[in-house]
Amino acid sequence: MVNPMIVEGQTYGGAAQGVGTALFEESPYDPSGQPLASTLLDYLLPGASDVPRFRIAHIETPSPHTAFGLKGVGEGGAIAPPAAIVNAINDALAPLGAVLHEIPATPARIRAAIARAGR
């Protein structure tokens, strides 16, 4: 790691972004194509109290294709959380026969999945 502090920040930020994708962030449109989340009052982002404490461990694997073996960091934390979180929610809903198929996994969508399963 060239700068461990930057790597830690990028990794933590990427994981927070993944939580946001799974539970908060959405760009909905009305039937005529007008955006319904045009400001940060409408577009929810996770805050510090919305993300868990992450334990970060590093394994350095230098790239053979770049000068000094450098690579980007943080992307992995942004990609995996939506699938992991929705799968965990679906595991919890399984006894009810409910399945969530879209993100963000809002309380309204979870309630709707439960209601569909109860029909």
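**The largest pocket and beyond**

In this predicted model, the largest pocket has a lining of 22 residues, and those that lie nearest its centre are Met1, Glu60, Lys71, Gly72 and Val73. The space inside the largest pocket comes to about 530 Å³. Rolling a probe the size of a water molecule over the atoms is what shows where such empty space is left. Sorted by class, the residues of the lining are 10 nonpolar, 9 polar and 3 charged. Two helices, H1 (4–23) and H2 (75–93), each supply at least two residues of that lining, and H2 gives the largest share of the lining, with 3 residues.

The next helix to look at is H3, which spans residues 107–118 and includes Ala115. Ala115 counts as partly exposed because its relative accessibility is 39%, a value that falls between the cut-offs of 20% and 50%. If you look from Ala115 to Ala16, you will find that the two are 99 residues apart in sequence, while their C-alpha atoms are 30 Å apart in space.

Side chains of opposite charge can pair when their charged atoms come close. The count of salt bridges here is 2. In one of them the side chain of Arg109 meets that of Glu26, at 2.5 Å from N to O. Arg109 lies in helix H3, whereas Glu26 lies in the loop between H1 and H2, so this pair ties together parts that are 83 residues apart in sequence. The side chain of Arg109 also meets that of Glu102 in a salt bridge, at 3.6 Å from N to O. Taken together, Glu26, Glu102 and Arg109 are linked in a network of salt bridges. As for how these residues stand towards the surface, Arg109 is buried, since its relative accessible area is 18% and the cut-off for buried is under 20%. Glu26, by contrast, is partly exposed, with a relative accessible area of 27%, and Glu102 is likewise partly exposed, with a relative accessible area of 44%.

Most residues other than glycine have a negative phi, and most peptide bonds are trans. Against that background, the peptide bond from Ile103 to Pro104 is cis, with omega near 0°, and Pro104 lies in the loop between H2 and H3. Phe68, although it is not a glycine, has a positive phi of about 65°. You can find Phe68 in the loop between H1 and H2, where Phe68 counts as exposed because its relative accessible area of 81% is over the cut-off of 50%.

Note on methods:
Residues numbered from 1 in each chain as written. Predicted model: local features only at pLDDT ≥ 70, side-chain atom pairs only at ≥ 80, totals over all residues. Heavy atoms only, no water. 1 Å grid on protein atoms, 1.4 Å probe; cavity = no way out; pocket = protein on both sides within 12 Å on 5 of 7 lines; lining within 4 Å. Points joined across faces, edges and corners; volume = space filled by probe spheres on them. Helix = DSSP H or I, 4+ residues; strand = E, 2+ residues; numbered from the N terminus. Nonpolar A, V, L, I, M, F, W, Y, C, P; charged D, E, K, R; others polar. Buried < 20%, exposed > 50% of the residue type's maximum accessible area, 1.4 Å probe, protein only. Salt bridge = Lys/Arg side-chain N within 4 Å of Asp/Glu carboxyl O.
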